[in-house]
Amino acid sequence: MGDKKGNELGDLKTQLRNLAGSQLKENTQAKRDLFKKIISYMTISIDVAPLFSEMIMATTTTDIATKKMLYHYITHHANSNPELALLCINTLQKDCCDVDPTIRGLALRSLSSLRVSNLLEYVTEPIQRGLQDKHPYVRRTAVLGLAKLNAMNPEMVSDLDIMGSVRAMVLNDPDAQVSANALTVLTEVEGYEALAVESFVTPILKRLKSYNEWSLALVLEVLARYKVTKSSEIYDIMQNLEDRLQHANSAVVLATVRVFLLLTLPLPEVHQQVYERIKAPLLTLISSAINEIAYPVVAHLHLLVLRAPILFATDFKYFYCKYNDPSYIKKLKLEMLTAVADSNNMYDIVTELSEYVADVDVPIARSSVHAVGQIALEAPDSDNIVERLLLFLELGQEHITAETLIMMKDLLRKCPQHKPAITQALSFVNHSVVQEPAAKAAMVWLIGELSTEDPYVLEDLIETFADEESPDVRLELLTACVKHFFLRPPETQKLLGAALAAGCRDSHVAVHDRAIMYYRLLKHDVRKAQLIICPETVSVSTFTETHSSDEIEQLFQQFNSLSVLYRHPGFAFASPEASPVTVAGPAEDRTPAPAAVQEAPAQPPVQPAMEADLLGDLLRNDPPADTDASGRVQRAPVRLESPSKGRICATCALAAVAHPHLLPHDSRMTIHHELPGGVFLAYSRPAAAVPHASDCQHRCFRWPDAV
Amino acid sequence: MISQVVVLSLRGDTIISRNYRDDVPKNTAETFFRKVRFWGAETEGRSGESAPPVFNSDGVNYYHIKTAGLFFVAMAKTNAPPSLILELIQRVAAVIKDYCGTLSEDVIRKNFILVYELLDELIDFGYGQNTSTEYLKSYIFNEPLTVTTVAAPGKSASIFAPNTRSAAAATSKSVVEKPKKGVTRDEIFVDIVEKVSVTFNASGYLLTSAIDGSIKMKSYLSGNPDIRVALNEDLAVGSTENSPFAGDYGKGGGVSLLLDDCNFHSCARLKDFDADRTITLTPPDGEFVLMNYRTTHEFKPPFKIYTAVEEVAPYVAELVIKVRAEFPASKNGSNVVLKMPLPKATTRASCHIGPGQTGQTTEWKESTKEIQWSFKKISGGSDHALRVKLTLSEERVPNIKREMGPVSLSFTIAMYNVSRLVVRYLQILNKEKGYNPYRWVRYVTQSSSYISRI
């Protein structure tokens, strides 16, 4: 195979040599065909770099089609052959002075695209000459050449001291494409901010109509950064741009919408009118464009809906999914439907969502269940909706049951008034059907929480405790058993014993530690243990998983960018900062980063005198090593913190100070204190021990209820 | 801005690869294909999900559109507007199609040098340049090699299949095609394509309905003369709340044609649009969409669907589906396919077409538990019925209706549009005497999401 390739390259070399000097007309076609072959090899990544010197010998051609292929080859291979690339400079420079503007432009484009740093000195002069060319094709190429030069060597560009004349080109060049390319250079060299000044914006606005759609997008980006000085200016600009909202190109419309939204931020009333004005154009784009083009528009509409759901409450029908929508659009639509649900449209929306639950696409079916649950959580008076949600269990489909259980758990945590309905629904669930870890954990938690639930179902689950793969489920099983024990000690003592025994044998640190902690708590004082493990439940007021307004506002500032699609601020994934953070795309779940940021202030470093003492005590009282047969000795120091608003209550301090060994190993204990709700213990594993930040956070949030 | 543009076949072969900024790794094409191919496989239970058109992998942003059996992909490092890049690669695909007449893997392979040439002119250093087809003409030197496609019967590339075949063939000619035997054929095509979305609830009540229409043009007029397109005089644009015409039905002036909203190609001059509903334009070469419009106002759905399910005996259920074509008898629906998922417990479904109904086929797909009922042709005003006997693996399916459906219908009706929007006339302005090019105005209605719930 290698030989064959070698031969083929040899053949090509010979043919190139034969044709090289020939200027004969009849050889033109032969040359074209030969070059075509070489470029086709290039495309399928066959290395044709060894032909470089022969290719350069063939540069003496007058046929433009051949020339283009040749230049294509040269720009592709020059930076891996810097010495040989020098050989083609002469020809390229000569072509830069050709009588035909097409050839001048072509040669200049190729010359500036060589990307060979030690050849840059040969590039500047033809570029400068090109900027003065009569023909716009050459000027537009020359000016972009400056951007290419800047990417290779910014000092060279600043030495040319040419940005002043580039600015003049933006405003005065008769050709709109030259003007737009000059603007491109300025944005790359000086940045958008430097351009968003009145002396520049006003004249650009005057020639706005001459730009094509791609240039317009660039100009609008500059406008979006412009800080107006007087409000009359806002209206002038908006009037100037209004017809752009009717453009069929989504890039133009979104860029215009961005300008409108950012301009009117200081004027809340006008800002709201802008919302009303842009709805129809965005919806038209969504319905007329192909799915790929519609997707960013939907994502931006999604952001606007989350930012001001009330303004879209009457438009909910536009967010209904089409049967043939791709899943990436359906998902966004489901979230929009959830966001706009209010007391007027709620029943219509839930009815529609209930239809999607039967979707053959499993993730969409699940998201629909999730959406119904979410609406139930937000609705103050949601009996009917809860009923709808619980009906999904009757479908008897595993994925639907699983998602419904998860939502039931959240519902019970937030709205305890639905306890009877949930209890009744849970009794119909066939426990063996539920296999998925998250759903099973939710189910076990529900069993533990709902006192009326028959404790004997737990017996079956405890029997298979060791076979249960997910540690989350095992953790929940332990807690559920303890909860039932407090209710009916005689009946469940055996069950609890079995659970704790299995837990202590567990190889997973968290499960093992929790079992030991329960065991010791119970051994110390059952009544106090009950106070700690089963305090009076306080319902959750909000779930932090929902989008925070700060996060939405941050994304809003980056309207019309990838940030909105990824739901990450731009610095997380894009150059020029070029931090190579992997973002797996919008399909990924909630962003861990911003959530972690919110989490931080919940644990302020406030350490009043009393707590400082506690901390000292804790550090001295290192947990005994008796449980540590497996050799996991590395222990992080245990920290005790309290939120700024409260003082540590007696029980809590007692538990922590008197029995520091109750605290799980390798963990940080945080005592959240809320009176009169009871004591909240939350522990989280140090971030290093947890593979995902979200894992850590997750545990923090689950604990207050679980304990 | 765009670092690289790649065209891939659906099998993952790189057909075209153009690097503009040299700042992305060499293997981006493979990375892209692997990501798209196995999207969702990494996260449990999400396999089979299609990759979103924009995603990030290892610091490179990938933007793609899938068209004509090809992936058009752009890679970028910056946080550039996604719409801009997606629109630009869509435009790249459109220009290639204008030049080559059609778009397919074969066409790109045969014309790859031309495609590179186009890519060089369309995009420079990752920024979109002048992309209008007629502007490009003076900078493009390779000639397109046309690929003759043998259209498989019943699977014609054009939506105007049956009665306008010659016109369909004409629209697939290249914008730079040399006149054959010295005869230039000046012509312009105007297609009014309407996509209908309808959802009926179980009792046949219309839950939602919408028309997404577009006026597509393809011009082969030499010298690009100005033209004027006139639409219905009673056309009104604006949503129900804001429209002064809202609630105007039945008033003396008759029913207006109400659109929720519309947008236009940048070549459209709308000076007179408000006054007399005419659009003046200089049609660019090649294919373009002059106007998109959308309406959720009442219209008559072209098909009505009725279903009835009954559990007739243990293990047996019976399903009856009726379809009624509610458009004029002079029109025909083609490529009509009705699909319906059946309960999971269905082991067999036998379909019986009503007596005297020909040109229909039915299929029971056991793997997806779905029946499919296809029609070669449905004439306006006709009724059709299908009786399906379901054999179930359970004695009773408690929620049999919840597990079935929805019924989805796909169809094409040529020379018919539900919204009543018409092109009243198409006038060539400041024309020379005797210049009278062919003007084709065609209408078609297609299904988008046409659903009836059980």
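The model is a predicted one, where local features need pLDDT of at least 70, side-chain atom pairs count only at pLDDT 80 or more, and totals for chains, interfaces and linings use all residues. Residues are numbered from 1 along each chain as its sequence is written, while chains are lettered from A and ligands numbered from 1 in the order in which they are written.

Start with the contact between the chains: 65 residues come from chain B and 74 residues from chain A, two residues being in contact if their C-beta atoms, placed from the backbone, lie within 7 Å. On the chain B side, helix α2 (residues 82–100) gives the most, with seven residues. Helices here are DSSP runs (H or I, at least four residues), as are strands (E, at least two), numbered from the N terminus. That side of chain B has 23 nonpolar, 28 polar and 14 charged residues; Ala, Val, Leu, Ile, Met, Phe, Trp, Tyr, Cys and Pro count as nonpolar, Asp, Glu, Lys and Arg as charged, and the others, Gly among them, as polar.

Within chain B, the domain assignment gives domain 1 (2–139), domain 2 (165–300 + 416–452) and domain 3 (303–414), with bounds from an automatic or database assignment. Domain 1 puts 11 residues into its contact with domain 2, which puts in 10 residues. Here too α2(B) gives the most to the domain 1 side, with five residues.

As for the backbone, B:R277 has a positive phi near 60° without being a glycine, and B:R277 lies in the loop between α7 (273–276) and β15 (278–281) of chain B.
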